[in-house]
Amino acid sequence: MSEAGWIIGSLPAGVLVIFSRAGPDEEIHPWGTAWRWSTLGFRSDAMTWRTRLLAVDVVVVVALAAGDSWLVDHGPCALPLAIIALIPAVTWGVAAPTPAWAWSVSALLLGVLLASVWVSRVYLSHGPAAPPIDWALPSATVSIVVCTLAMMISRSWRWNPVMALAALAVTAGCWGLLQRVYEGECCMSIPASDAAPATSALDIADAGHTECGQDGGLCDRVVAIRTTLTTAEVRKVLRSHGWSEDCRPVTGTLSNLGWYRYGSRCISIESRQPGTVKVSLLAKADWWSRLEREL
């Protein structure tokens, strides 16, 4: 997580450079009061609280990524996920007119992000975890609305933050449309956390990787768990985290709304050597499951 964290941590400075288009002699303020810009387009005192705000945003997202195993589950795709999660809070950090506005709305945006992940990955999940689109699309949609309303109410409307939000809307919309076309199964992958939920205290020794057949209807992943528990005890732990049966439908926010069908996943557990338990995960696309039922 260190490399991804370093890259994510460099985002605030880059965003400030991109958004701060005003020259040193321009006098611009969201409220109409003239002031001289400096230091990446912001006066030094404004730069201080904006930097602190953006640093907090990055820390929260990196902690969320680590806790939810983005790097283990999604590999290189963890960075785009982090960027999508950060854009609303970073955009508001640049657009906010005062520290009070900045901290209050930023806290709301982070709350929307955390709530979206919790609802998708915990509250509505019953064993297998839904793909990232299940929390990213609702989070991005609500955050764009919150940012837009905050800029209108605080009279801090600026075109660069608006364009950033528009880019996020287009990206999330295209991603959601692509998933819709493929019935929620585009780029199907199996998260390693299905075999070791974050709150289960199971330690992943080898996350393996997702392998899919040529038609993409079936994918599998073998995860090695480092533990002193027996296979029966590991199975009991997973039962307590939603795996009430060996095969479970993948559920989340958007599947409960009827927008996507994520298919199902099956789990099997075996012990091959002392101290290690192998958890095999098999994902079935929804169309594959329908085909099996018809046959």
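**Entry 1: the whole chain**

Among contacts in the chain between residues at least 6 apart in sequence, what percentage join residues at least 24 apart? I looked this up first, taking a contact to mean heavy atoms within 4.5 Å, and found that 65% of those contacts join residues at least 24 apart.

I note that this is a predicted model, in which local features need pLDDT of at least 70 and side-chain atom pairs count only at pLDDT 80 or more, while totals for chains, interfaces and linings use all residues. Residues are numbered from 1 along each chain as its sequence is written, and side-chain values use heavy atoms, with hydrogens and water left out.

For secondary structure I counted 11 helices and 6 strands, where helices (H or I, at least four residues) and strands (E, at least two) are DSSP runs numbered from the N terminus. Of the 295 residues in the chain, 48% are buried; buried means under 20% relative accessible area, exposed over 50%, and partly exposed in between, with a 1.4 Å probe and protein chains only. The chain exposes about 14500 Å², of which carbon and sulfur atoms supply 63%, and these areas come from the Shrake-Rupley method with a 1.4 Å probe, where for residues only the protein chains shown count as cover.

**Entry 2: the disulfides**

Cys-212 is partly exposed at a relative accessible area of 41%, whereas Cys-219 is buried at 1%.

Cys-247 and Cys-266 form a disulfide with their sulfur atoms 2.0 Å apart. Because Cys-247 lies in strand E4 (residues 247-249) and Cys-266 in strand E5 (residues 264-273), the pair ties together parts that are 19 residues apart in sequence. Here the S-S torsion is about 110°, so the bond of Cys-247 and Cys-266 is right-handed. Cys-247 comes out as partly exposed, at 37% relative accessibility, and Cys-266 as buried, at 10%.

**Entry 3: aromatic pairs**

I then turned to the rings, where Phe, Tyr and Trp (its six-membered ring) pair if their centres lie within 6.5 Å, with planes under 30 degrees apart counted as stacked, over 60 as edge-to-face and the rest as tilted. The structure holds 5 aromatic pairs. Among them is the pair of Trp-92 and Trp-101, which is edge-to-face at 6.4 Å centre to centre, with 65° between the planes. Trp-92 is buried at 1% relative accessibility, while Trp-101 is partly exposed at 26%. Tyr-260 and Tyr-262 also form a pair, this one tilted, with 6.1 Å centre to centre and 50° between the planes; both of these tyrosines are buried.

**Entry 4: Ser-156**

Where does Ser-156 lie? I found Ser-156 in the loop between helix H7 (133-153) and helix H8 (159-181), and Ser-156 counts as buried, at 0% relative accessibility. Its side chain makes a polar contact of 2.7 Å with the side chain of Ser-154, a polar contact being a pair of N or O atoms within 3.5 Å, where within protein one must be able to donate a hydrogen and the other to accept it, and residues adjacent in sequence count only if both atoms are side-chain atoms.

Conventions
Disulfide = S-S within 2.5 Å.
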